[in-house]
Structure formats: C-alpha cells, structure tokens
Amino acid sequence: MRFSVVVLVAVLALAIPAYAGNIALTSMGATATCGGTIVLPDYPDICYLIYYYPSGTQYLPSNAIDGDPATEWVAPGGTQNPTLLINLGGVYPVDSITISGVGNPGRSIGFSVYAGTSSDLATLEGGTAVGTEASQAGGTPWNDTFTLPGTPSIEFVLYDVTFANGNGSSGDAGVDDAYATTISVDDADVPEPGTFGLTTAGLLALGFTWSSRKQLF
C-alpha cells in the first residue's frame, strides 16, 4: 500500500501539463476573436490572414491560445485597429499576462494589453492598460510579461495592436502586420510546474524514508 501511494503521487506529478498556470487555452474552454477594419481593396472583411489567399494557411485567432508555439494569429496587412479578444470562459484571479511572438526581421509592432470582466472593447480600453509595448522588434522570439497588481479577477483579455500596417503607420517600411504567437494568462490559484515538481519530490522522499524506517523495526 505504501508503494502504491508513492507511485500514485509520481503519476499525478507526471500528468501535470506544461501549461499548468496558463488558463488562456482552447483545451480549457478559452476562445479568441479578432477585430479590426480591412482597408485593402478586394480583400474579404476578415481580421485574420489567409496565405496564400484564398485557400492557403489560415492564421486564426485561436492559434494564439492553442498552446502550440508553432502557430500564430496574424491580421492582414492594411487592417486598421486590429485586436484580439480572449474569453477565458470564467472569472479567475490572475497574476500576469504574457504576449509572445516572432515577427519579421527589421519590422516592429506596438500594442497595449487590457483585462477585465467586460467583453466590450470600449469598456476595456477605457480602463488602465495592464501593459504597453510601443515598439516590439521582430525577427527573433520575444516575450513581454505584464504583472497585474493585486491579482484581480478577470474574464477577458484584450490584445490591442496600436502600431502595425494600416494602423496610422508611415507606410510599410519597418512596420509589421499585427500578430501574436501565444497569449498566456497566469492563474494565481494554480501553482507553477516547478512548484508541483518540488512538492512531489518532497512527498516521494518522505514516502521512501517512511517505508525504509518501517523496515528497520
């Protein structure tokens, strides 16, 4: 029985996903919708890129929350006011929000991140931004993490791309299309994987020690 308990603890530890603290995942019920106004002629009124159009790869909003760093959301060049709204599917206390991307060498984007309990963009943008990046250079993988003071309870995250093609920039030179590889939302109630690992190691050590001591008597 003692051996079974120790093995069970080990199995539970191995079953913990790598994204233990991230609740912005489609596998956990989160959804993502994009917005913006397409200003390119002869392009459909959508807010995600299809390349090659009309039947190539779709860079869908859900790509930013699917847990796969190989996929991304991209808005078509020429999109004005591109946004990505994440619905977590419930209200959660949140520690931080991380935006990740790669982008194209020599090109940049800028964005602000908002969070709250309303899905209305004007309401979210009317509050204080969780964080702002005026000019994020692309070409290599980047991560911008913004801490939420006091771990507020939120349900929606708005990724508002303020500097991109078609968004008031001075032409195409040096400016990228709006994009995001991953939007991660850290649930304050869920320990990080490292915490689980340390806890499990301690329990395993305790289990083996207890078992060995029992055998001495």
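**View 1. The largest pocket and its 13 lining residues, with Glu72, Val74, Asn104, Asp176 and Asp177 nearest its centre.** This is a predicted model, where local features need pLDDT of at least 70 and side-chain atom pairs count only at pLDDT 80 or more, while totals for chains, interfaces and linings use all residues. Residues are numbered from 1 along each chain as its sequence is written, and side-chain values use heavy atoms, leaving out hydrogens and water. The pocket's volume comes to about 220 Å³. Its lining splits into 5 nonpolar, 3 polar and 5 charged residues. (A pocket is an open set of points on a 1 Å grid over the protein atoms alone where a 1.4 Å probe fits, with protein on both sides within 12 Å along at least five of seven lines; lining residues have an atom within 4 Å of a point.)

**View 2. The disulfide between cysteine 34 and cysteine 47.** The structure holds 1 disulfide (cysteine sulfur atoms within 2.5 Å), and here the two sulfurs sit 2.1 Å apart. Cysteine 34 is in strand S1 (residues 31–38) and cysteine 47 is in the loop between S1 and strand S2 (49–51), so the pair ties together parts 13 residues apart in sequence. Strands are DSSP runs (E, at least two residues), numbered from the N terminus. The S-S torsion is about 75°, so this disulfide is right-handed.

**View 3. Threonine 57 in strand S3 (residues 57–59).** Threonine 57 has 45% relative accessibility, so it counts as partly exposed, meaning between buried and the over 50% of exposed. Setting aside neighbours within four places in sequence, threonine 57 is in contact (heavy atoms within 4.5 Å) with Leu49, Ile50, Tyr51 and Tyr52.

Key. Grid points are joined across faces, edges and corners, and a volume is the space filled by probe spheres set on the points. Ala, Val, Leu, Ile, Met, Phe, Trp, Tyr, Cys and Pro count as nonpolar, Asp, Glu, Lys and Arg as charged, and the others, Gly among them, as polar. Helices (H or I, at least four residues) and strands (E, at least two) are DSSP runs, numbered from the N terminus. Buried means under 20% relative accessible area, exposed over 50%, partly exposed in between (1.4 Å probe, protein chains only).
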